[in-house]
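Dear colleague,

Please find the structure for your review below. My findings follow directly after it.

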Amino acid sequence: TNLEIAKQLSYGVTFAGVVQLFFLIFFTYKYYKPKLKLNLKITSKVKIFFKKLIPSILSSGVTQINILVGTIIASFQSGAVSYLYYADRVYQINLAIAGIAVSTVSLPVLSKAFKIKNYSKVINIQNKSIQLSLILSIPASLGLIIASEEIVSGLFGYGSFSEKDVKMTSDALMFFGFGITAFALIKILANFFFARDNTKTPFYISVLIVFTNIFISLSFFNRVGFIIIPIATSISTWLGVIVYFFILNRINFLLLQKKLFLNTGKIIISSIIMSIVLILIIEKYERYLDYNYIYKSFYLLIVVGFVGIVYLLSCYLLGLLKIRDYKTNLWKKKKIVFSGVQPTGNLHLGNYLGALKNFVSLQKEMECIYCVVDLHAITSFQKPNELEDNVFETVASFLATGIDPNKSLIFNQSSV
């Protein structure tokens, strides 16, 4: 029976979760060994952990909370919960790739960059995270808007899932599609606060998003029906994205590079090309994607694969798919360079060409330690006041030639 099939599927999901847990334990065992230890004493570190954890739970799961709220409201209309559920299953795949995956990968490297105060790396990671999220989410958004009915029909349009069900679900999916990019960006932008140990600001923004969603849904539900729920979810999430950008810009947490704007334009161009191809294919092969055609799911896979190739090819030709641009090398151990300059005064062109110029270029690829070796200088007679002035002059020369204290360590030998 259908009930037995549903039970078997639920058993399968539970079993798969247990298998996944054992996989994670196996592959992380050399980094972390789980221990069960009962300790009722709550330390200050544990208190700080929970203080940061609780607001981060809400801010990280704001999209899921919006869906839960929408489901509760939709329960007042017959069949609406099912329509929303099926639509949610489809767009969550795109969210997982464009939002959750990118944010999960970027957060640890972003946090490490803050910890070592490598602010140039922070700016680069932030911009690349946004760009990668846009590369994945914009075409997904347009694809769901254009082909929502074909997608729902190909995936679910069988048996008791009628043409009316396909139409209702596809309408919900289409309006969720308008918010795909916002859903992904919310995950990325929240990381910019999490990496700074700030969980309160994302929490407040999440509260704003949820209450905006509830307000819009309740205000128009009686007139519009369940379809207002995906509309409200997309609108409220885009509002959250705008608030995030406004706050990040105001407190100088986000410095957008010109290259990001240029590449965003290229992403939009590639997405438009993909959308035109998708529309033409749907029109030409409409009968193969029709609800009553038995092999429609097979043709749907071919269409999705083809337009995906068109999009990736377009991105490649426009220079967007350069893998080296998304490598951080932050976790790779750098070679260490140690060098020093005596503060003898009267630094000249030879010092610049022979040492300082190389110091500047080395800091881009290596961990550099530069020392003002004033103890070496006193092997010959030095006037104390002049030596002190020469030390300051040497450090000033370091900075003037482009040695960045955020990338390189500069110290005075006698201070160690």
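Helix α7 is mostly covered, with 15 of its 15 residues buried (under 20% relative accessible area, with exposed over 50% and partly exposed in between, using a 1.4 Å probe and protein chains only). This helix, residues 180-194, reaches 22 Å from its first C-alpha to its last, close to the 21 Å expected at 1.5 Å a residue (1.5 Å times one less than the number of residues). Helices are DSSP runs of H or I of at least four residues, numbered from the N terminus.

The model is predicted: local features need pLDDT of at least 70 and side-chain atom pairs count only at pLDDT 80 or more, whereas totals for chains, interfaces and linings use all residues. Residues are numbered from 1 along each chain as its sequence is written, and side-chain values use heavy atoms, with hydrogens and water left out.

T237 lies in helix α9 (residues 228-250). T237 counts as buried because its relative accessibility is 2%. Leaving aside residues up to four places away in sequence, T237 touches N66, A182, F183, I186 and I209 (contact means heavy atoms within 4.5 Å).

The axes of helix α10 (residues 258-284) and helix α11 (residues 296-317) come within 9 Å and cross at roughly 150° (axes are lines fitted to C-alpha atoms over the stretch in contact, and angles run from 0 to 180 degrees between N-to-C directions). The two helices are therefore roughly antiparallel to each other (an angle over 145 degrees).

Yours sincerely

Definitions and conventions
Angles under 35 degrees count as roughly parallel, over 145 as roughly antiparallel, 65 to 115 as roughly perpendicular and the rest as oblique.
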